[in-house]
Amino acid sequence: FAAGRLHLLKGDWAPAHSLFECAIAAYRTGNIGLSLPHAVAASAWVLAHVGEASEALTRLREGEELLERQAVRGAVDQHGGDYHALGCAGLLLGRLDEAQRLGDRAVKYSPSHPGYAAHALHMLGVIAAQTRRTELAVEWIGKAIELNAKVPAAHSNLGNALQDLKRQGKPIVLSRHIVPDVEQLADAVGILRNGEGPVVALRAD
């Protein structure tokens, strides 16, 4: 499973797919219930990415059911990462409401795992952007960057959201914790600071 996870994070989808399928088969044969949800959730994400929509949806459903069973027993330590993987699968499958719900659960189960929370918040921001809730997209992606500035694509997605706000003529409010990156993004998208257009306002938090 660990090797498959590494390939997934690198975007090497084909080897990740193969390794997760092997892990799932081994976990089922060995009746390793605690590890099975991790592999199933990751597999759903990979299958959705490679275009196997029907299989991805099946794995998404199975993964959520497995996680719910574990939650009843109080075994929720890694659920934030697993719900994030399932949410990514839902997002890729175009099931935005479902992805939103799974992302909310990922954040809920990540109080002691800020890395999981950062990825989940970024995903929620992407969903908000796709559903034309641009201000919420900026808020959530900004929070993701505050937790982990290395979340893949977070800065470019924040820049896209800032561009959308600029086109809408809306003011932009961001946390001081991401000021260095905001300065670069502001220059990149041409946000005006001279009173001729929207400006960046900084929260003190």
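I note that the model is a predicted one.

**Entry 1: aromatic pairs**

I searched the whole structure and found 2 aromatic pairs. I examined one of them, formed by Tyr83 and Tyr109, whose ring centres are 5.7 Å apart with 10° between the planes.

I then located the two partners in the chain. Tyr83 belongs to helix α5 (residues 79–92), whereas Tyr109 sits in the loop between α6 and α7. The pair thus links distant parts of the chain, 26 residues apart.

Are these residues buried or exposed? I read a relative accessible area of 2% for Tyr83, which is buried. Tyr109 has 19% relative accessibility and also counts as buried, because the limit is under 20%.

**Entry 2: α6 against α7**

I next looked up the helices on either side of that loop. The axes of α6 (residues 96–108) and α7 (residues 114–130) come within 9 Å and cross at roughly 155°. The two helices are therefore roughly antiparallel to each other, and I recorded their crossing as left-handed.

Which residues make the contact? From α6 I listed Leu96, Ala99, Gln100, Gly103, Asp104, Ala106 and Val107. From α7 I listed Ala120, Leu121, Met123, Leu124, Ile127 and Gln130. I sorted the residues of this contact into 9 nonpolar, 3 polar and 1 charged.

Notes: Residues numbered from 1 in each chain as written. Predicted model: local features only at pLDDT ≥ 70, side-chain atom pairs only at ≥ 80, totals over all residues. Heavy atoms only, no water. Axes fitted to C-alpha atoms, helices over the stretch in contact; angles between N-to-C directions. Helix = DSSP H or I, 4+ residues; strand = E, 2+ residues; numbered from the N terminus. Parallel < 35°, antiparallel > 145°, perpendicular 65-115°, else oblique. Left-handed = near helix turned anticlockwise from the far one by under 90°. Contact = heavy atoms within 4.5 Å. Nonpolar A, V, L, I, M, F, W, Y, C, P; charged D, E, K, R; others polar. Phe/Tyr/Trp six-rings, centres within 6.5 Å; stacked < 30°, edge-to-face > 60°. Buried < 20%, exposed > 50% of the residue type's maximum accessible area, 1.4 Å probe, protein only.
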